[in-house]
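This report is for a reader meeting the structure for the first time. Please keep the sequence and the 3D view at hand while reading.

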Amino acid sequence: MTVMPPTGSLIPADAPFSAQQESWLAGFIAGIAAAGRRDSAGADAPAATVDVLIGTQTGNAELVADDVVAGARARGLGGRATALDDVTPEALAAMSHVIVVTSTYGEGEMPDNAGLFWEALQSDTAPRLEGVRYSVLGLGDRGYDDFCQAAKLIDTRLEQLGATRLHERVDCDVDFEEPAGQWTAAVLDLVAAETGAKGTGAAEAPKKPRSQWNKRTPYPSRLATNRLLSAPHSAKEIRHYEFDLGDSGITYEAGDALAVVPVNDAALVEALLEHLGASGDRESAELLRTEREIRTPSKELIADLVERAPASELASVVAHGDRSDLDSWLWGRDVLDLLRDAGPAAPGLAELLPFLRPLQARQYSISSSPLAHPGSVHLTVASVRYGRYEGVTSTYLADRVGESPVGIYLQPNASFSVPADDDAPMVMIGPGTGIAPFRGFLHERAARGASGRNWLFFGDQHRETDFVYEDELTELRTRGVLTELDLAFSRDQAEKVYVQTRMRERSRELYAWLEEGAHLYVCGDASRMAKDVETALLGVIAEQRGRGDDDAAEYLADLRRAKRYVRDVY
């Protein structure tokens, strides 16, 4: 749906702006006019407006941004939150006080709704920002080498362009709530002090109501269904889960994610305690079972073990300085493996505990629609098994839940949802478990009676063993809900075939759908699949338009700006 500026806009009809840019500018001008009217009427106008710019992949940055806006208004300041990609450098230069809250994803990359902003900010034509005062908050995971890299890059670039830093950047680990709250208060107090803002100090409620269920207090749900989807002789183990929402009050939308709070395998906990000479220590066993990460060794533990045991195999791999070699060596090894490798130099239990990171909930794309499946939420999960090594949450769900409740909470993803326009075409690309949200999308559109056409690209290794939800997809195809279904089973023929292969084969039709207003979604592996799909998509556009690679890149950027090309990648 095209977004048009309000009637009577001051923006000329032939101005060289996209519809989204015009809409933003129109709102900006309207906001200035409204502030002027409040002043002339004698009412208290905000001393300054704080622009909170959001870069988010999973929704956490948006939650923090809501708190920042509420805190600004409580101090007598104006506050508005905007996705980074919805802000041009020129609009940024017109802002007085800017707060950036951004996550990082992949290998130090910008989140999907910040890539266009970052590209424009790096340009040689980006305007100077001497009039802008700013601060940056990063959300990330210290377990990754490029911890909060997106925040670091934006912070540095804003300074390079002449903006003045209000407060030093803060980089938050996975438990971000407390440091984010402290940073928010410190930054807003500085803005209020320098602008003379006077507020009541009473915190406003965030614009979106918060669920009582979160990572500190997850909802104890009953796992009602645990069903194997892949064939028993498949190389993969993909399962379908259904959780009973009971009296939780949890409401979700197709495209949201569900966080599952895992419990470590008791057998691994006991083996670890036995190695540490603490077998039978019930208090430590419960701590390791429910609160500490014992599958994936932390960077801090690796560094400590290298220092303690310089002749170990781990130390030898680290000494080579090749990150990919270290990742390969670590694959399939857990904390106990590393302690055994270190031999007698390994730390005891008391010394080990500070190096074990908190056990984190795992997030999965929801594979159901609340309209089609009221009262429950579904997941599609691949169980990770590698010899003795097993995925924490995937095997917890597959093997160990039993009758015990499972802690869950919702992780909304407003940017990844079914088109609001039921007539809009929809293209979905999701191999493997990437099909999860698209099962929900299709059930949602069926329940809504949407008339828009739907096209799914799906694939895996073998059709015979890995065609998950085949019966459902066949039924949806028969009913006309699923208009097009392109399959790519990579190992059913001599030459490997992937979803991007099918995209290229149907280049003309795919481009025609885009020209007719289709929304395009990608879900799955970020490191390879999503990049290969984007390369294929750019090739399709370049081939069909015949105007070169730069034109294709700009066409895809326009789709991003219009929120018609979105990804849920991990």
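The model is predicted, so local features need pLDDT of at least 70 and side-chain atom pairs count only at pLDDT 80 or more, while totals for chains, interfaces and linings use all residues. Residues are numbered from 1 along each chain as its sequence is written, and side-chain values use heavy atoms, with hydrogens and water left out.

Helices (H or I, at least four residues) and strands (E, at least two) are DSSP runs, numbered from the N terminus. Two strands pair if DSSP finds at least two bridges between them.

**The parallel sheet**

Five strands form an open sheet with parallel pairing, in the order β17-β16-β15-β18-β19. Its edges are β17 (484-489) and β19 (565-569); each has a single partner strand, so one side of each is left without a neighbour in the sheet. On average, neighbouring strands here are turned by 10° against each other, direction ignored. β15 (residues 426-429) and β16 (residues 454-460) are joined over four bridges in the parallel sense. Within this pair, M426 has N454 in β16 as its bridge partner.

**The antiparallel sheet**

A second open sheet has six strands, ordered β10-β9-β14-β7-β8-β11, and its pairing is antiparallel. Here β10 (362-365) and β11 (376-382) are at the edges, each with a single partner strand, so one side of each lacks a neighbour in the sheet. From one strand to the next, the twist averages 40°. β8 (residues 238-244) pairs with β11 over seven bridges in the antiparallel sense. Opposite H240 stands T380 in β11.

**Helices on the sheets**

Axes are lines fitted to C-alpha atoms, for helices over the stretch in contact, and angles run from 0 to 180 degrees between N-to-C directions.

| Helix | Strands | Angle |
|---|---|---|
| α15 (residues 436-448) | β15, β16, β18 (519-524) | about 155° to β15 |
| α19 (residues 507-515) | β15, β16, β17, β18 | about 135° to β16 |
| α14 (residues 392-400) | β7, β8, β9, β10, β11, β14 | about 75° to β8 |

**Helix α12**

Buried means under 20% relative accessible area, exposed over 50%, and partly exposed in between (1.4 Å probe, protein chains only). Six of the eight residues of α12 (residues 335-342) are buried, so this helix is largely enclosed by the rest of the structure. The buried residues are V335, L336, D337, L338, L339 and A342. Their cover includes α7 (266-275), α9 (299-308) and α10 (313-319). After α12 comes G343, with a positive phi near 70°.

Conventions. Contact means heavy atoms within 4.5 Å.
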